[in-house]
Amino acid sequence: MPLIETESLVLKSYNLAEADKIVVLLTRDHGVVRGVAKGAKRLKSRFGSGLEPFSEIKVSYFEKENAELVSIQKVDLLKSNFTAAANPDFLQKFSYLGDILLSFAQPHDRDEKLYRMVRACVAAGADDPENSLPRVGVYFEMWLLKLAGFLPDWSRCNQCRRVLEAHEDANVQVNFQLLCANCRKAKSSRVMDGKTREIVAAVLKLSPVQFVSHAKDVDERLRDLSSTLKQLISTSIGREVPRETSLALKANQR
């Protein structure tokens, strides 16, 4: 039972018994890890404030073979997002994002691209929660789908494979693929225009901070795009995406 040390983001925690907590971590080297932090609820806990939601930490833990939970031994706080996490809007958004992340990510499945994406989104959201959260949310949803292999190619028609022109509207099909006007048999109730596809392209080439700066004055399109992404996420994970408000309350029960 070797001691494992890795960088990690705290996604959420739950009370366990009188003094302990179950902590859900996204680690750089070992993917999603769930562990027990004994004594974490005590006033003089050795973990201090290192288990606060969305903190960036260096964690040390023992992993027993065939055990569902690891035993968290030590936490060194690398970056605190306590101030941002005290903002209800930040907590609501990232509690929801953390929930859908856990619906996709397999336990102990290392994915450094996913870790870096989540870390960068938390940093971008913490910098300016009032203005950045809707843009960071769309960025996170899209990249989560992209890394999981569920994001369609929205730059071209799925049937004729022609790259869509900037001025073209494309029909969103039930499988979330796009069809151009020449290939569609009937007009869909959902359309993705060129401006929205520009937002999609920007997400895929920019960092979260760059996208937050880039995607100004497009709030309505971001809402529509996020609605489509949530439907695609629900289809991909086989259940409805929970409401963000209820998740914020759940994440605060620690």
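**Figure 1. Helix 5 and helix 7 are roughly perpendicular to each other in this predicted model.** Helix 5 spans residues 194–205. Its axis lies 10 Å from that of helix 7, and the two pack at an angle of about 75 degrees. Angles of 65 to 115 degrees count as roughly perpendicular, so this pair qualifies. From helix 5, the contact takes in Lys195, Thr196, Ile199 and Val200. From helix 7, Arg221, Leu222 and Leu225 take part. By class, four of these residues are nonpolar, one is polar and two are charged.

**Figure 2. Helix 4 crosses helix 7 at roughly 35 degrees.** Helix 4 covers residues 129–148, and helix 7 covers residues 219–237. Their axes come within 10 Å. The crossing is left-handed. Helix 4 contributes Arg135, Val138, Glu141, Met142 and Leu145. Helix 7 answers with Leu222, Leu225, Ser226, Leu229, Lys230, Leu232, Ile233 and Ser236. This contact has eight nonpolar, two polar and three charged residues.

**Figure 3. Ala166 sits in the loop between helix 4 and strand 6.** Strand 6 is formed by residues 170–172. Ala166 counts as exposed, because its relative accessibility is 57%. Leaving aside residues up to four places away in sequence, Ala166 touches Gly194 and Arg197. Ala166 and Arg197 are 31 residues apart in sequence, yet 8.1 Å apart in space, C-alpha to C-alpha.

**Figure 4. Arg28 forms salt bridges with Glu7 and with Glu112.** Side chains of opposite charge can pair when their charged atoms come close. For Glu7 and Arg28, the closest N and O atoms are 3.3 Å apart. Glu7 belongs to strand 1 (residues 3–16), while Arg28 lies in the loop between strand 2 (20–27) and strand 3 (31–37). These two residues are 21 residues apart. For Glu112 and Arg28, the closest N and O atoms are 2.7 Å apart. Glu112 lies in helix 3 (residues 112–127), so its pair with Arg28 ties together parts that are 84 residues apart in sequence. Arg28 is buried, at 16% relative accessibility. Glu7 is partly exposed at 28%, and Glu112 is partly exposed at 26%.

**Figure 5. Arg110 and Asp29 meet in a salt bridge.** The N to O distance between their side chains is 3.9 Å. Arg110 lies in the loop between helix 2 (88–104) and helix 3, and Asp29 in the loop between strand 2 and strand 3. The pair therefore ties together parts that are 81 residues apart in sequence. Arg110 is partly exposed at 47% relative accessibility. Asp29 is also partly exposed, at 29%. Glu7, Arg28, Asp29, Arg110 and Glu112 are linked in a network of salt bridges. The structure holds eleven salt bridges.

Methods:
Residues numbered from 1 in each chain as written. Predicted model: local features only at pLDDT ≥ 70, side-chain atom pairs only at ≥ 80, totals over all residues. Heavy atoms only, no water. Axes fitted to C-alpha atoms, helices over the stretch in contact; angles between N-to-C directions. Helix = DSSP H or I, 4+ residues; strand = E, 2+ residues; numbered from the N terminus. Left-handed = near helix turned anticlockwise from the far one by under 90°. Contact = heavy atoms within 4.5 Å. Nonpolar A, V, L, I, M, F, W, Y, C, P; charged D, E, K, R; others polar. Parallel < 35°, antiparallel > 145°, perpendicular 65-115°, else oblique. Buried < 20%, exposed > 50% of the residue type's maximum accessible area, 1.4 Å probe, protein only. Salt bridge = Lys/Arg side-chain N within 4 Å of Asp/Glu carboxyl O.
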